[in-house]
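Here is a short report for a reader meeting this structure for the first time. Please keep the sequence and the 3D view at hand while reading.

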Amino acid sequence: MTTLRRLGLLAPLAAFSLAGCGLNSVPTAEENVNAKWGDLQSEYQRRSDLIPNLVNTVKGAAQQEKSVLVEVTEARAGANRIQLSPGDLSDPAKVGAFNDAQNRITLSLQRLQEAYPELKTNQNFLTLQSQIEGTENSILVARRDYNEAVQGYNTRIRTFPDAVGAKIFYGAKPKVPFEAAAAAQNAPTVNFNAQ
């Protein structure tokens, strides 16, 4: 009975010792690192999905506005090319050409006036700038959270008593903190030049 009693007393002591050796805390810390890495990757994916679409939206709006303004400018230039002298007032073809040129300006100006409430390039650029800044800030926070999780994990597997369980039970190796340098981690270049 004394042997069973001793084993009965040793079992809780052994369990307590194992718990103090990182049996649960090491995998918990490792899962935290993995989750923070997933969050960081999610932010990169968000940036990869969002920014090119925003840039294309801004480019499209700018192109639409440009076409309206180009139309007005071309109509005005065309009307200025047609000169009508007092002697031409009896020529129906010349008077008709002059009227057509003036009508093109009027139609272009009406189109500009109708489109004016929707001419929002400046606001679109400001929105794009805000979204880029917000996205980069989210990535910065995710990087920081990941590095803090790595630091916590690496500290846990290197300090006593968790270091014992980390090496014996898990063969734990230190995680690598985020270091910006790889091409995949670079922010996309915003380029408004039409290609």
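How many salt bridges does the count come to? The count comes to three salt bridges. They are taken up one by one below, after a look at the whole chain. The model is a predicted one.

## The chain as a whole

The protein chain has five helices and zero strands. Read along the sequence, its pattern is α-α-α-α-α. Helix α2 covers residues 25-81. Helix α4 covers 121-158. Helix α5 covers residues 162-170.

The protein chain has 195 residues, and 23% of them are buried. Its accessible surface is about 13400 Å². Carbon and sulfur atoms account for 56% of that surface. Take the contacts between residues at least 6 apart in sequence: 80% of them join residues at least 24 apart.

The largest nonpolar core holds 15 residues. Val26, Val33, Leu40, Tyr153, Ile157 and Ala172 have the most contacts inside it. Helices α2 and α4 each supply at least two residues of this core. Helix α4 gives the most, with seven residues.

What does Val33 touch, leaving out residues up to four places away in sequence? Val33 touches Tyr146, Ala149, Val150, Tyr153 and Lys175. Another core, of five residues, lies apart from the largest one. Its members include Ile51, Leu54, Val55 and Leu128.

## Salt bridges across the sequence

Glu30 forms a salt bridge with Lys175. The closest N and O atoms are 3.0 Å apart. Glu30 lies in helix α2 and Lys175 in the segment after α5, so this pair ties together parts that are 145 residues apart in sequence. Glu30 is partly exposed, with a relative accessible area of 27%. Lys175 also counts as partly exposed, at 23% relative accessibility.

Glu136 and Arg47 meet in a salt bridge through their side chains, at 2.9 Å from N to O. This pair, too, links distant parts of the chain: Glu136 is in helix α4, Arg47 is in helix α2, and they are 89 residues apart. Is Arg47 buried or exposed? Arg47 counts as buried, because its relative accessibility is 3% and buried means under 20%. Glu136 is partly exposed, with a relative accessible area of 26%.

## A salt bridge at Asp162

The side chains of Asp162 and Arg156 meet in a salt bridge as well, with 2.6 Å from N to O. Asp162 is buried, with a relative accessible area of 10%. Arg156 counts as partly exposed, at 30% relative accessibility.

Asn154 lies in helix α4. Asn154 is buried, with a relative accessible area of 11%. Leaving aside neighbours within four places in sequence, Asn154 is in contact with Pro174 and Lys175. Lys175 is also the partner of Glu30 in a salt bridge, and Val33 touches Lys175 too.

Asn32 is found in helix α2. At 35% relative accessibility, Asn32 counts as partly exposed. Asn32 and Glu148 are 116 residues apart in sequence. In space, their C-alpha atoms are 10.0 Å apart.

## Helix α5 and its two sides

Which residues of α5 are buried? They are Asp162, Ala163, Gly165 and Ala166. Seen down the axis of α5, these residues fall within an arc of 165°, so they line one face of the helix. An α-helix has 3.6 residues a turn, so residues three or four places apart point the same way. The face of α5 turned away from the buried side carries the exposed residues Lys167 and Ile168. Gly171 follows α5, and its phi is positive, near 55°.

Ile168 also belongs to a nonpolar surface patch of about 560 Å². Phe160, Val164, Phe169 and Tyr170 make up the patch together with Ile168. Phe169 is found in helix α5. Phe169 is partly exposed, with a relative accessible area of 43%.

Notes. Residues are numbered from 1 along each chain as its sequence is written. This is a predicted model: local features need pLDDT of at least 70, side-chain atom pairs count only at pLDDT 80 or more; totals for chains, interfaces and linings use all residues. Side-chain values use heavy atoms; hydrogens and water are left out. Patches are made of residues with over 30% relative accessible area and no salt bridge: like charges are joined within 9 Å, nonpolar side chains (Val, Leu, Ile, Met, Phe, Trp, Tyr) within 5 Å. Accessible areas come from the Shrake-Rupley method with a 1.4 Å probe; for residues, only the protein chains shown count as cover. A salt bridge is a side-chain nitrogen of Lys or Arg within 4 Å of a carboxyl oxygen of Asp or Glu. Helices (H or I, at least four residues) and strands (E, at least two) are DSSP runs, numbered from the N terminus. Buried means under 20% relative accessible area, exposed over 50%, partly exposed in between (1.4 Å probe, protein chains only). The arc is that of the directions from the helix axis to the C-beta atoms. A nonpolar core is a set of buried Ala, Val, Leu, Ile, Met, Phe, Trp, Tyr and Cys residues joined through side-chain atoms within 4.5 Å. Contact means heavy atoms within 4.5 Å.
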